[in-house]
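The report below describes a two-chain structure shown with its sequence.

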Amino acid sequence: MNYLQKQFDALLKYWPNEDQALRDVRLKSFDQFKTLGFPTKKWEEWQFTDFSAIEKTDYRLSWASDLPQIPDQIPGQIEDCHTVFIINGHYQPPLSDIPDGVTVVTGLDHFRSNPELYAINGSKNPFLALNTSMMNSGVHVLIKPNTLIEKPIQLIYFTTEFSDPLMNHPRFVFHIGKNAQANIIEHYLGVSTLSYFVNSVTQVILDENARLFHVRIQEEAATGSHTASTHYEVKSNAQLNVTSITSGTQLFRHDIQLNLQGKGAEAILNGLSLTDNSQHQDQHVVVNHENDACQSHQLFKYILADKSSGVFNGKVVVHKHTKQTDANQSNKNLLLSSTALMNANPQLEIYSEDVKCAHGSTTGQIDPEELFYLRSRGIDLKKASELIIGGFAKDILDSIKNENVKSYLNNKITNWLESVLNDG
Amino acid sequence: MLKIKNLYAGIDGKEILKGINLTIQPGELHAIMGRNGSGKSTLANVITGRDNYEVMKGSILFNSIDLLGMSPEDRALSGIFMSFQYPVVIPGVNNTYFLRAALNAKLKHQGMKEINAADFLRLIREKLKLVKMDEKYLNRGVNDGLSGGEKKHNEILQMLTLEPALSILDETDSGLDIDALKIIANGINNFRNNDRSFLAITHYPRLLEYMKPDFIHVLIDGEFVKSGDASLAFELEEKGYSWLEA
């Protein structure tokens, strides 16, 4: 905790001329963080995850001086995308390619002019409070109303090698204007061999009738810790399509809140977690049906190898007086070893009558009948396992329309599987 | 081709097969008939190497190679195929991809060049016609969304594609209507030649009307109680199994 106070003081000193309204947001949030503290095993919503590694490591904020020489090859680039590069927390406009109809403003500039957008009120999530107090990175992306952006916009958030433990608190806003349509890839990557900490918050707003494909890829280095909150607001008749693939870090915690605010708002939320060694991934999803005729379809899958562990906590809340709700939530987990561990807790809270809801969760190992069937056709054990596990993961990518994005993720899953099956 | 000698085998410590002797020569079709629970499927599972089955005594030689102790995939690569009584559904694994992987495993084992996607598609389209299957099945998951009868067609499609030396047909006729049965029997009959052998397991003589066996063996309580030629099937149809029981 001490290092955070020191870093917070340094941040205030670094930007002495910050607007008072923004200052107030930071101070208030930091107070809130101090009041809450780091989550402990006694907090029901946080009980399966141990944050002491983040608490104990003496991270420091990344400053402009930490911007390295830009590597020739930045990994993770997906073919035929508009790319926005953020390296060690610093946005790189000269490298980036912003299409017409889109405005990208650095977070720092946007915080100053719109502090009210970033204020958090009464959240019980200490990492959200910490991010709001320290937000030092990120961009605000606006897709102008009535604009169709054909090619995906890929934001690459890349952490390079450095000499001491670094942290960043990026804050992103993706605002999709009325009738606009876009495809945004929020992509976290790291290569550092030293411990680092990324604590991101992403706010996504879909105005009336907007359509967004949001792909979130978390492939931080194994030395990293990544905590994240993603908050979606979906207005009437807007359609949100989310695919979240996470394979990196030692410790990952992601809180997703989806608010279907407008009548006829629809969302698909698909997630795939890939863990091995002693990785731990914890995802909490809350979907709020706040209006009539809204639909939400969730599918979260985990594939866990070695001694890794996963947590899935999904809650669908159907608010009072809403009509024609259609909500379903499914969680399926595949354990590849007897030492892997999964905690799953799907929940429904329904305060309305006119509702079609379904939820369920299953955890199991590879079906020996499926394995025998493939092997009886001459396919060896490793290839048969690869086919079955790959087949299990496949439908997570079904709602991605862009072929380049899909093939990047397919390759990623195949490579992960090969490395896990070769180790075994 | 296949030589089973004094085979005792079972599952979970329970002895099911009690001294099976069977020799199948190239080009022969043998049928094993018997009631449910007589050990027919156990024999098929022991030959193909399914986990959990244990052999207590005896031997199985395939082209003079000892099968016991070999993995299921190595048995398949040496030329053994089983059409499953209950084909397994594997959603998410594309049927075409799976079949090509299986064929390529075989080609690789034989030291031959693997088949590319385009050539494989040409090949599989020809095979589909032989069992009158629709091309739409190619893009589905393995057996995903197929009816019981369609799954059996898919098993025979795999047999025709992989061209095994020994095909074990485990209750391939069950769940088929008469038209489907004719199509499947026809597919199998056209596939028969002087080198390929078959072991058909069934408790109805019906399949054998369309696919003439060289030998029929009656299995009761883990033992062959009677062996004969094709006429034994008709005798069984008339009299049932009870006259053979001790």
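Predicted model: local features only at pLDDT ≥ 70, side-chain atom pairs only at ≥ 80, totals over all residues.

Is B:Ile115 buried, partly exposed or exposed? B:Ile115 is partly exposed because 17 other C-beta atoms lie within 10 Å.

Residues are numbered from 1 along each chain as its sequence is written, and chains are lettered from A and ligands numbered from 1 in the order in which they are written. The model scores ipTM 0.96 and pTM 0.93. Chain B has an average pLDDT (the predictor's confidence in each residue, from 0 to 100) of 93, and 100% of its residues score at least 70.

**The loop residue**

B:Ile115 belongs to the loop between helix 3 (95-109) and helix 4 (117-130) of chain B. Helices (H or I, at least four residues) and strands (E, at least two) are DSSP runs, numbered from the N terminus. Apart from neighbours within four places in sequence, B:Ile115 is in contact with B:Arg100, B:Leu103, B:Asn104, B:Leu107 and B:Phe120; contact means that C-beta atoms, placed from the backbone, lie within 7 Å. B:Gly69 is 46 residues from B:Ile115 in sequence, and their C-alpha atoms are 30 Å apart.

**The sheet of chain B**

Six strands of chain B form an open sheet with mixed pairing, in the order 6-9-10-3-11-12. Its edges are strand 6 (80-83) and strand 12 (223-228) of chain B, each pairing on one side only. On average, neighbouring strands of this sheet are turned by 20° against each other, direction ignored. Strands count as paired if DSSP finds at least two bridges between them. Two of the pairings are set out here.

**Helix 7 of chain A**

Helix 7 (residues 368-375) of chain A is mostly covered, with six of its eight residues buried. These are A:Glu370, A:Leu371, A:Phe372, A:Tyr373, A:Leu374 and A:Arg375. Their cover comes from both chains and includes helix 8 (381-394) of chain A, as well as helix 2 (72-77) and strand 7 (90-94) of chain B.

**The domains of chain A**

Chain A is assigned domain 1 (2-368) and domain 2 (369-424); such bounds come from an automatic or database domain assignment. Their C-alpha centres lie 26 Å apart. Across the boundary, 26 residues of domain 1 of chain A are in contact with 22 residues of domain 2 of chain A. Strand 15 (266-275) of chain A is one of the strands that each supply at least two residues to the domain 1 side, and strand 15 of chain A gives the most to that side, with four residues.

How values were computed
Buried ≥ 20, exposed ≤ 12 C-beta atoms within 10 Å, placed from the backbone. Contact = placed C-beta atoms within 7 Å. Axes fitted to C-alpha atoms, helices over the stretch in contact; angles between N-to-C directions.
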